[in-house]
Structures are given as structure tokens and as C-alpha cells.
Amino acid sequence: MMTDIIADSLTRIRNASMRKLETTELLHSKTIEAIVSILVEKGYLDSYTVEDLGNNKKSIKVVLKYDERGNSVINELKRISKPGRRIYKGKEDIKRFKNGYGTLIVSTNAGILPNDKAYAQGVGGEVLCSIW
């Protein structure tokens with residue numbers, strides 16, 4: 001049994017980008033799908049598709065993104081809030097990350113949002129992960 005599906009998904013993306021793989025497969029949950037859609041929207045991943053495996057199981061196939069020299073677009077992908085230690089931030093604390101070059105993904109009462117949208121809506125929440 002896996003206790004932290006978010007950390008597992010981030011590790012799969014990180015490992016696939018280090019090995020310069022074209023795609024990787026993640027376990028499906030609504031939270032993971034929301035995080036991956038934010039990463040695609042922000043330009044860190046190329047695309048994703050949700051595949052039905054039968055027996056009420058799904059997976060997410062993620063297409064990774066590389067620059068013209070073949071280097072991964074993702075420099076660092078890090079889990080912030082963990083099951084053993086939750087990290088919460090107010091809207092003022094999530095305003096900017098890495099001077100605007102990075103993104104924090106925040107679980108708010110308005111859903112899972114990137115830090116710029118959470119700040120614009122005036123909400124804070126649990127900081128799930130950071131990417132730059």
C-alpha cells in the first residue's frame with residue numbers, strides 16, 4: 001500500500017526526466033490529475049492523457065518536455081507538504097516563488113491551484129509541491 005501518491009508521482013516524473021524518457025505513467029487520482037494539468041498549463045510538461053485500464057482503474061500517461069538541447073525543462077520538482085508534516089501558507093507567503101520563475105502548487109478551498117492564481121483569488125492553503 002502506498003501512503004503518499006503525490007510523492008510517488010513526482011518521483012516518477014523526476015526519474016523519467018533524468019533518464020530522458022519520452023513518457024511516463026502515473027497512478028490516477030483527481031489530485032494527481034489536477035497537479036499534472038497545472039504542470040502542463042505552466043509549460044513544464046508537454047501533455048497528458050488519462051487511460052482506462054479496466055476494473056475501475058485508470059492511469060495518467062505524461063509526455064515530458066525538453067528544450068532544443070535535449071535538457072529537461074524541469075530543474076527541480078520537490079514535495080513540500082508531507083503526510084508526516086503538513087505545511088500551510090497564507091496568501092501573502094505564496095505570492096512569488098523563485099522570483100517568478102518557479103511555481104508552487106497549493107491545495108486550497110477553491111481547488112488545487114498554482115501560487116499566482118491562489119494569490120489572485122486571495123486564498124492560501126497546503127503547499128503540495130514546488131517546481132522550477
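Lys and Arg count as positive here and Asp and Glu as negative, with His and the chain ends not counted. By that tally, the chain has 22 positive and 16 negative side chains, and the centres of the two sets lie 5 Å apart, the place of a charge being NZ of Lys, CZ of Arg, CG of Asp or CD of Glu. Please keep in mind that this is a predicted model, in which local features need pLDDT of at least 70 and side-chain atom pairs count only at pLDDT 80 or more, while totals for chains, interfaces and linings use all residues. Residues are numbered from 1 along each chain as its sequence is written, and side-chain values use heavy atoms, leaving out hydrogens and water.

**Fold and dimensions**
- The chain has 3 helices and 8 strands, counted as DSSP runs (H or I, at least four residues; E, at least two) from the N terminus.
- Their order along the sequence is α-β-α-β-β-β-β-β-β-α-β.
- With a C-alpha radius of gyration of 15 Å, close to the 14 Å from the globule rule for 132 residues, the chain is as compact as a globular protein of that length (the rule is 2.2 Å times the number of residues to the power 0.38).

**Burial and contacts**
- Among the 132 residues, 36% count as buried (under 20% relative accessible area, 1.4 Å probe, protein chains only).
- Of contacts (heavy atoms within 4.5 Å) with a separation of 6 or more, 57% join residues 24 or more positions apart.

**A look at Thr-103**
- Thr-103 is found in strand 6, residues 103-108, and counts as buried because its relative accessibility is 5%.
- Beyond neighbours within four places in sequence, Thr-103 has contacts including Lys-42, Tyr-44, Phe-97 and Cys-129.

How values were computed. Buried means under 20% relative accessible area, exposed over 50%, partly exposed in between (1.4 Å probe, protein chains only).
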